[in-house]
Amino acid sequence: MTADLIAVVLLLAVAAYACAGGTDYGAGFWDLTAGGARRGSRARWLVDHAMAPVWEVNNVWLIFVLVIMWTGFPVLFQAVFSAMWVPLALAVVGMVLRGAGFVFRKPSRRLAGRRLYGAVFAVASVVTPFFLGAAVGGVASGRVAPGTEASAHAWAGPTSLVFGLGAVTATAFLGAVFLTGDARRFDAPDLVGYFRWRALGSLGVLAVLAVVTAFVLHDDSPHVWHGLTRGAGLFFVAVAVVSAVATGVLLLRVPGVWVRVAAVGAVASSVLAWGMAQRPYLLPTSLTVADAAGAPATLTWLGVVTLVALLLVVPAVVLLYWLDTHGELEELSDSDLRRSSGGATGGDGTVGGG
Amino acid sequence: MPPSFHLLADAPAQLLPARELMAFTLASHIILVPLGVAFPFITLVMHYRGLRRKDPAALLLARRWSAVMAVQFALGIVTGTVLSFEFGLLWPGLMGRWGDVFGIGFGVEAWAFFLEAVLIAIYLYGWRRLKPRTHFLLGLPLPAAALLGAFGILAANSWMNTPRGFTLDAQGKPVNVDVWKAIFTPMFGPQYWHFVVAMVLTAGFMVSGVYATGWLRGRRDHYHRLGFALPFTIAAVATPVQFVLGDSLARSVFHKQPVKFAAMEIVWKTDTRVPEYIFGRLQEDGSVKGGIRIPMLDSLLAGFSVDTEVRGLSSVPPDQRPTATQATIAHWAFDVMVLVGSALVVLALWYGLIWLRYRRLPASKWFYRCAACAGVGAVVTVEAGWVAAEVGRQPWIVYENMRVAEAVTATRSTTLWVMFGIVVVVYVFLFGSFLAVLLSMRKRWRLADAQHTAGGPPPAPETDAPYGPRGPLPVGRGRPRRTGDGPADGDGPVGGDSPVGGDSPPAGPGRTGKGRR
């Protein structure tokens, strides 16, 4: 019972990471495809400013996923990290490069430096979700069981491939949807159209991929296919489809807050559908939730810790996102870090009377 | 062949690369940890001073430190993420068997860290638009979140030293988990406070060291004196406290992990009137080569009496204790920590005495030379303390319950060596870039300060623009400050409604400025 609850918490955390982290990776995708230094400068400027205050928080969800895995379901953690060694190792290298590339790009002044860091950030933003998706695909297709050793077989199957591509496309989709809103917020109407068409394009690719995924799952991952075609799995598939259609419609009309809600709904529902379809297994068809569950006392405490933390963290996260979307968060500019000569020249006026 | 070589030969081939990789990534991460835990605290103290005394220099320092924190915190997040992946990639046996016993600490840590990331984002990006008071108050919980995060990590680490809160069933699997006992293990309290104070003093010395260097180069205005004195005072208060805490931690190790204590003090035979060796190398046969031998001191330090019996390494079979080489490493690390730590205490006392006697900063060049090195010295003590704690626990990953060799991944050693190579290259790039960014920030600020002192206008925004043409300088920001507008009108609610300098977007159709809507 407690184990089921913690499994749901784990699934929700994965969904949260897919949405928050996904938006972030997607911004990197559009950074990569924005074109040369001059042509892509405006899109990159928007990516930089929209992401900066929230990207760290977006990615902390992943830490939470890992902690729930090893505390709540130690056997699952051991099995996945043993079998999926290569994709997970590559994903973590990608995450490091991505974070470093992003954070160093801003303060570096020379074009060459910005190009290097920007390229590192953007390429890693595409590679990382692919490998994470591939690892999830390996789990969904039943290629991982407790004791499976690391091999390409575990993560190079057809399900892994479509999940990897799906992850990249979904992040691009989320990124474009969120950047459309950010473009409005930052008063860049040309970029609203720019990202709106990219959001619609990636939604189209996502639809095609969804059909391909359905065929692949049917042959390659029978258990998940079975779960997706009935019950809770089917319900979330339906929610995902409806949300995706709604996102498309809202994108064609005037995009506002609701388009973000719909896009997040589509991606989150897809993750939930996968999780529900795997029931009762964490690793189909070798490890059930009940078998993988850690000590009962720990699970109870993990629930308590989660609850207390939710009470603390949710208001904080809401405050952050609220402040961010209301334009209250802005990077310190160079002039803020300069000694002012009284605010009369140059308009920096930071340290008045200095 | 000496027994320790047999042990090494029995160890799986992937143990060495796994260990090296973990050690390398953790040692690198540790450099950032003091800043992550204590830099927000120091910055907030400076911020408070700026608000309280309406001191623009203090506010400028706090803002510049925030800009550094933004980069350093992000780097800490990525290197920290690597560590949590490595638990699975390198030590799946540890997490698979014991994850549900000691993992809850990480649960606390994850959420605390989450909170810290949120608060730090608000703090770093709130300077311009939030009201000064609101901004400061929103930053205030940061040190508490950092303490909570440290709580989780230290709970997990001290559990590995003194595992409690479970019983083993017939197959050797842990059952009857008691989470409370697993968190508050005997080593937890001493380790935690030792760690927290270490972070505070290291961050204090690191930051003040920068300004001590400035002092030596002749930059001695109010701004530099403040940038030196505030973090140094915090560090100077923490250092003597740390001396006492460290001493009490060593005694806890003596009581709770006698074999580790024996390794740290290279004691071979259980005895009373045990001598203390300063450095020196333990040989396979139990003799000690080199080093300074101080008779009876070890017994005296461990139990306040020369008749205190100290357990030696030979009291347990060879496969349950560190090898002679490992013991020597732990011993040297311990001695380095104590020696450098003592030097820092002397420096803190020097500072304190001058302050008590003359109510001013020391004027001696030698003081500032030492202070400039104190940051590096403090990082050395942190690294050395960590080495002593971890190497001294060998061969155990969970003290007396699981060997490191049992926990290691089955991945081939070649793969691990390749990964190690990649990680080293990536980290060199990472930390090299970090240094380059810090230096370029310093250069820019120094340039700006020089121009300010010379009375010239600030540099045109174009000079620091990375891309394309910039938007025109806005009007409206340069208006004279109203009285009572707060010490820094850039923080004011009405002060920041148009873009400035380094912040405006490249020109494009329809750009109307980045206004608040």
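Q: How many helices and strands does chain B have?
A: Chain B has 16 helices and eight strands. Helices (H or I, at least four residues) and strands (E, at least two) are DSSP runs, numbered from the N terminus.

Q: What kind of model is this, and how is the numbering done?
A: This is a predicted model, where local features need pLDDT of at least 70, side-chain atom pairs count only at pLDDT 80 or more, and totals for chains, interfaces and linings use all residues. Residues are numbered from 1 along each chain as its sequence is written, while chains are lettered from A and ligands numbered from 1 in the order in which they are written.

Q: OK, how do α5 and α7 of chain B cross?
A: Helix α5(B), residues 104-125, and helix α7(B), residues 142-161, have axes that come within 8 Å and cross at roughly 155°. Axes here are lines fitted to C-alpha atoms, for helices over the stretch in contact, and angles run from 0 to 180 degrees between N-to-C directions.

Q: Which makes α5(B) and α7(B) what, roughly parallel or roughly antiparallel?
A: Roughly antiparallel, therefore. That label is for angles over 145 degrees; under 35 is roughly parallel, 65 to 115 roughly perpendicular, and the rest oblique.

Q: Which residues meet there?
A: From α5(B), they include B:F106, B:F113 and B:Y123. From α7(B), B:L142, B:F151 and B:I153 are among them. Contact means C-beta atoms, placed from the backbone, within 7 Å.

Q: New topic. Which residues have the most contacts inside the largest nonpolar core?
A: A:V65, A:L76 and B:V118, in a core of 301 residues. A nonpolar core is a set of buried Ala, Val, Leu, Ile, Met, Phe, Trp, Tyr and Cys residues joined through C-beta atoms within 7 Å. Buried means 20 or more other C-beta atoms within 10 Å of the residue's own, exposed 12 or fewer, and partly exposed in between, with C-beta atoms placed from the backbone.

Q: What does B:V118 touch?
A: Leaving aside neighbours within four places in sequence, B:V118 is in contact with A:V57, A:A316, A:V317 and A:L320.

Q: Where is there a cis peptide bond?
A: One joins A:R279 and A:P280, with omega about -5°. Another joins B:Q394 and B:P395, with omega about 0°. B:P395 lies in the loop between α14 (365-391) and β7 (396-398) of chain B.

Q: And what is the phi of B:R273?
A: About 50°, a positive value, although B:R273 is not a glycine. Most residues other than glycine have a negative phi.

Q: Is B:R273 buried or partly exposed?
A: Partly exposed, because B:R273 has 16 C-beta neighbours inside 10 Å.

Note on methods
Contact = placed C-beta atoms within 7 Å.
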